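Subject: The two-chain model, and what turned up in it

Hi,

Here is the structure I promised to pass on to you. Have a look around first, and then read my notes below.

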Amino acid sequence: MMMLYQPRQSPLHRLHPLTKLVVSFGLIVLALGISIDWAPLLLFVVVLVPLSLLARVARPFLDTSLRLLLPFAISLFLIQSLFFPEGSTVLARFGPLTVKAEGVRFAFASTVRILMITGALLLTLLTTHPGVLMSALTQKGFPPQLAYVIVTTLQIVPQMRMRAATIVDAQRARGLETQGSLPRRVRALLPLIGPLVLGALVDVEERSLALEARGFSASTPKTSLFEIADPLAERVFRWSVLLLMIGLIMFRLGQALL
Amino acid sequence: MIRLQGVRYTYPVSSAPALAGIDLDIAEGSFCAVIGPNGAGKSTLCYTIGGFVPHYFRGDLEGEIVVAGRNTIEHPLGELVKHCGLLFSNPLNQISGARFTVREEIGFGLENLGVPRVEMHARIERVLDLLGIDDLAERSPFGLSGGQQQRVALASILVMGPQVLLLDEPTAQLDPLGSREVFAAIRALSQTGMTVVLVEHKPELIAAFADRVIVIDAGRVVLDGVPQTILASSELQRIGVATARWTEAARLADAHGLWSRRDPLPVTLDQAAEGFRVAQNTPS
């Protein structure tokens, strides 16, 4: 399976895609708007994890969240704890390098924010059929080209992972060492990048032609194979969340100006 | 059904024309194979008939192209694809990536054309049945074999109801089993009376389906006729087009006086077997 979407029967799956997107962005704004370092982590644990349990996607949710977070977390903690410019409180020394408390705190705050942002969007993707998401966006006035790019870009991670696995297998078959110590694994990544990126670029033209062959640029109003329910209660809820988001942004801007 | 008059086309970044003066008439219901060496202009011919030239690929285009009664230069691509479908060689690149099951993938084109939901379901069922892929309907297109994916891609084009179908090397990236699956689907199509233009390198498959073979070299039509004549022509070797092994075996036998000169060279395995049987029983 090359898509993030997990088909299940759950209240979250039944929600209109826009409702989920608006709530995701609302949570992201909330996480970024509160100036307490651990607030995004609290939102992740108290809101997103229970929602993932409700949607019966907790395992792929936590697994993918952590996989996405790990590279950011490692680089943030390494760079910010050692090179944070305003740091003065030394926690540890490694030769000429010093780990500073301010840097560790900044790395923590950034990491939990990334966790919250990726988690909120990931939960929407795991519980929303990509076709339904695209149709819902188009029906609400999004340009189809933009809706397609949003949907397929969000789904591209599994496709790239599969392509990368094929390239690694081919390189292993020709004797490239890709397993073993961490430095060896990092070195093995370099010959992967070229074929991965170039291969994806070469495919772009044929993909684009194939889309055109299926009437993607036809000027007729598009229809949908899916029936997408959008009850009044959800629409009211969406507008309420949007107003709260705007209110929070205005409040924070006001605070910053005073 | 397809008429090209004085068609010359040069890609934007190229100085040499990809099509250097093509005049062609393809009748309704014809199954026409296009062969030629690499870079001869076969795919460009498909893009031109399908309207991708000049609506997708810009460049310099001269001449007149009329497909299913529509001048392809005057009509937008979104309109032309309803009447003329194009299947590419790489099945994976034809999966939209925006749909979850084969059924939904096939419906993607219909959604773009604004077909009502009830009609969509009916059309999808018909095409699933025609290509014998009903059992794949609820599976993910990404989880299928190459041959199955190509049949889904074919179904995704057919469901749009084109009168003309362009197949640009549909088995080039498939294994023998996948190729057989796709050609079984094409065989089913050939019996529906649809106008088909097939770009293909495999002479045995062309001999099995086509009623006409057009040979292109350097953007020009150099040979045009029935498969029996064209696929046995010695001209093919000169321009670098492979012929079937049994045709070559018979040509070699002929050069050594071991082939009955009354028989034309065989283009199918059955013809070759019969020809060698006759040659064996004919006193030299």
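Helices and strands here are DSSP runs, numbered from the N terminus: a helix is H or I with at least four residues, and a strand is E with at least two. Counted like that, chain A has 10 helices and 2 strands. From the N terminus on, the order of elements in chain A is α-α-α-α-β-β-α-α-α-α-α-α. The C-alpha trace of chain A spans about 65 × 60 × 35 Å along its principal axes.

Some ground rules before the details. This is a predicted model, in which local features need pLDDT of at least 70, side-chain atom pairs count only at pLDDT 80 or more, and totals for chains, interfaces and linings use all residues. Residues are numbered from 1 along each chain as its sequence is written, chains are lettered from A and ligands numbered from 1 in the order in which they are written, and side-chain values use heavy atoms, with hydrogens and water left out.

How confident is the predictor? The pLDDT (its confidence in each residue, from 0 to 100) has a mean of 90 in chain B, where 99% of the residues reach 70 or more. For the complex, the predictor gives an ipTM of 0.87 and a pTM of 0.79.

Where the chains meet

Taking contact as heavy atoms within 4.5 Å, 41 residues of chain B and 38 residues of chain A take part. Buried area is the accessible area (1.4 Å probe) that two parts lose on being put together, summed over both. For chain B and chain A it is about 3,500 Å², and carbon and sulfur atoms give 61% of that. On the chain B side, the residues that lose the most area to chain A are B:Asn93, B:Phe100 and B:Asn112, together 21% of what that side buries.

The rule finds 1 between chain B and chain A: A:Arg214 pairs with B:Glu105, with the closest N and O atoms 2.7 Å apart. There are also 14 residue pairs in polar contact across this interface, both residues at pLDDT 80 or more. A polar contact is a pair of N or O atoms within 3.5 Å; within protein, one must be able to donate a hydrogen and the other to accept it, and residues adjacent in sequence count only if both atoms are side-chain atoms.

Four elements of chain B, namely helix H3 (77-80), helix H4 (102-112), helix H5 (117-130) and helix H6 (146-158), each supply at least two residues of the side that touches chain A. H4(B) gives the most, with 9 residues. That side of chain B divides into 22 nonpolar, 13 polar and 6 charged residues. In this count, Ala, Val, Leu, Ile, Met, Phe, Trp, Tyr, Cys and Pro are nonpolar, Asp, Glu, Lys and Arg are charged, and the others, Gly among them, are polar.

A salt bridge inside chain A

Over all chains, the count comes to 18 salt bridges. One of them joins A:Arg105 and A:Asp37, whose closest N and O atoms are 2.5 Å apart. A:Arg105 lies in helix H5 (residues 101-127) of chain A and A:Asp37 in the loop between helix H2 (17-33) and helix H3 (39-54) of chain A, so the pair ties together parts that are 68 residues apart in sequence.

The strands of chain B

Two strands pair if DSSP finds at least two bridges between them. Chain B has an open sheet of 4 strands in the order E2-E1-E4-E5, with antiparallel pairing. Strand E2 (19-26) and strand E5 (70-71) of chain B are at the edges with a single partner strand each, so one side of each has no neighbour in the sheet. E1(B) (residues 2-10) and E4(B) (residues 60-67) pair over 7 bridges; B:Leu4 stands opposite B:Ile65, and B:Thr10 opposite B:Asp60. E1(B) and E2(B) are joined by 6 bridges, with B:Ile26 as the bridge partner of B:Ile2.

Two backbone details

B:Val53 and B:Pro54 are joined by a cis peptide bond, with omega about 10°. A:Arg56 has a positive phi of about 60° although it is not a glycine.

Enjoy exploring!

Key: Salt bridge = Lys/Arg side-chain N within 4 Å of Asp/Glu carboxyl O. pLDDT = per-residue confidence, 0-100.
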